[in-house]
Amino acid sequence: FGNIWYFVHLKNVEKKSIKDAQFTDPRTGITTNLFDYLNSRWEGRKSDRLKTLNPEDLAVTYGSPKQPGEKYAPASLIRLRYKTSEEPAQNFHTQTILEPEDRLRDIEKIITTYMNGKTKLEGISFSVETQPASIPHRVFPIPKQLFGNKSVLSSPEMIPRSIEDSWRKRKNWLRDNNIGIFSREDGIVSQFMLVPSSLTNDEDEADSIEHDLKSAVQNYSPIPYNPKLVVWDDENATTIPQIRATLTELKKSMVSAGTSCALVVLPANRSKAETGKLRRHIKKTLSPEVRTKCVQASELLHHMRASKKDERDAGRYRSYLMYTAFDILVTSGHRLWVINEALNYDLYIGIDVLNNTAGFTFVAGGGAICRFISSTSDQKEQLSAEQIVEVLGKHLREIIPRVREILGHLPRHIVIHRDGRWFSTESQGFSFITDKLYHEGLLPENIVKGVVEIQKTNAQRWRLLARENRKFQNPIVGSYYTFTANQGIICTAGIPGRIPGTVKPLLANIAEGNLDIEKVLRDIFWLSVLAWTKPDGLQSLPITIKLADDWLEPIAAAISENEALFGALDQKVISSSIPENSDPRRRNAAS
């Protein structure tokens, strides 16, 4: 409303001005219009934008995901919200990153200035301690890890140099012909490489890219990697609907033999923002029958051309190909290594829901069993009991015999990692299907069941720091703290990882079941050690949540509807009487 920023869900760009957008004023019950309402609502306290508001500006309707109904707003006050990884906001992201010492000093200034004993709450003065609370140092060890040829990587000492040596050894073992990757999961029938026709205009470069990608994957794959080359037309099919139609036809032949994997090369003749949109559309079009890994032709060509001139650039190209190969292997169902020690709980199920699409990740045997599936949901955030019963029932009946084969017994525990909130309908479905599987003889009578809500961000914004020579720094990876018998935090990132800024621990809350919080936190950390796509480092999420995060984002995004709305918003806002410096595409990052 001009003076206060809100995050809202854009519903529609109207064909009427804010002078014509009429509604009932909730304060008076009298019919008014948006222009008059805003002037009276902020009378005497107008921002510069409200002072220059034009009654002919277009109106939009917006809503809130948690509140029914729609409301009007001036299109000229709308700014599109971007992730920090998206192009319009990328240049501002570094300004939000603070090292632990800098973050604490800023917090101390705020406390000293505003909470120094003069602040009152309901008439009572209070002050806040400027120094963070001191807690005992507790850290989980990194587990032993099993690779190919039954090679076991021992647990490192929990000191930075030893952990870094372990990460380097992990990467080297993957390319060692006498060790290599652990195994693969059955299911992928055929491999494809989708190349845009624009890339084939230079046959030599196209052949080089195809050869380099194949060779990179074959260097690590325990089985022959010979993807079928498919050229898709990106020169005549230029719009996203045309490209989706082209790929839909190609998909029919790709899935005729069963589940497939495709390495998709994205065109080089598009902007970074356009390439990002195209990537999401391609993944959504081919999913779930075709698992996809996308690479950008522009990046490939840049690295390949540079590698021919300079040895350092050649090393970067080899590194780029190596990490692409790891991605392809994981997407194809390979398990690069597994945990070679028993987890506290036998079988984990990760659940996440995004835009009416649910992701389920089944993990057991330290990662030897790892299956991700997606399922359409009737609701945006919570799942029905019926859907929990259907999905868990189908896949647990297939997975439990394999768990028994690996562990030597039926799973004694089933624990759900819920990304976000666990709902009562989901609890009902979980209870029903586990009882049913017990009566079918697939689960033991004394099965331990539990649910852990894992929050990547939370209202408290907990941080865990380490003090070294009177200076604060990030804690060593694996550091943890328990608040209660049901809640604690675990640092899956930290020293010696070189992630800039202050690490954000995961908050784990036992929502259901008789589980031990320390055992829960240790298993979350150990499952994050399965950082298959970056063996020389770490990942901030356990594999139960990581796979859903990676694969749900493109296939669940409501991209077609949003992009149409944003396009209409851009066109109509630009055509209305808005000062040039208020163009939403130039202002959104700052707002």
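I began with Lys214, which counts as partly exposed at 24% relative accessibility (buried means under 20% relative accessible area, exposed over 50%, partly exposed in between, with a 1.4 Å probe and protein chains only). The model is a predicted one, in which local features need pLDDT of at least 70 and side-chain atom pairs count only at pLDDT 80 or more, while totals for chains, interfaces and linings use all residues. Residues are numbered from 1 along each chain as its sequence is written, and side-chain values use heavy atoms, with hydrogens and water left out.

I then looked up the partner of Lys214 and found a salt bridge with Glu210, the closest N and O atoms being 3.1 Å apart (a salt bridge is a side-chain nitrogen of Lys or Arg within 4 Å of a carboxyl oxygen of Asp or Glu). Because they are 4 residues apart in helix H6, Lys214 and Glu210 are separated by about one helical turn (helices are DSSP runs of H or I with at least four residues, strands are runs of E with at least two, and both are numbered from the N terminus). Glu210, at 16% relative accessibility, counts as buried.

I stayed in helix H6 for Asp212, which is buried yet has no salt bridge, the nearest side chain of opposite charge being Lys308 at 7.4 Å (Lys and Arg count as positive, Asp and Glu as negative, and His and the chain ends are not counted). With neighbours within four places in sequence left aside, Asp212 is in contact with Met304, Tyr317 and Leu321 (contact means heavy atoms within 4.5 Å).

I turned to helix H9, residues 297–307, where the buried residues include Leu300, Leu301 and Met304. Among the elements that cover the buried residues of H9 are H6 and helix H10 (311–331).

I searched the whole structure for salt bridges, and the search finds 25. Glu426 and Arg418 form one of them, with the closest N and O atoms 2.8 Å apart; Glu426 is buried at 0% relative accessibility, and Arg418 is buried with a relative accessible area of 2%.

I also noted the salt bridge in which the side chains of Asp549 and Lys456 meet, at 2.9 Å from N to O. Asp549 lies in helix H14 (residues 543–556) and Lys456 in the loop between strand E21 (448–455) and strand E22 (466–468), so the pair ties together parts that are 93 residues apart in sequence. Asp549 is partly exposed, with a relative accessible area of 26%, and Lys456 counts as partly exposed at 28%.
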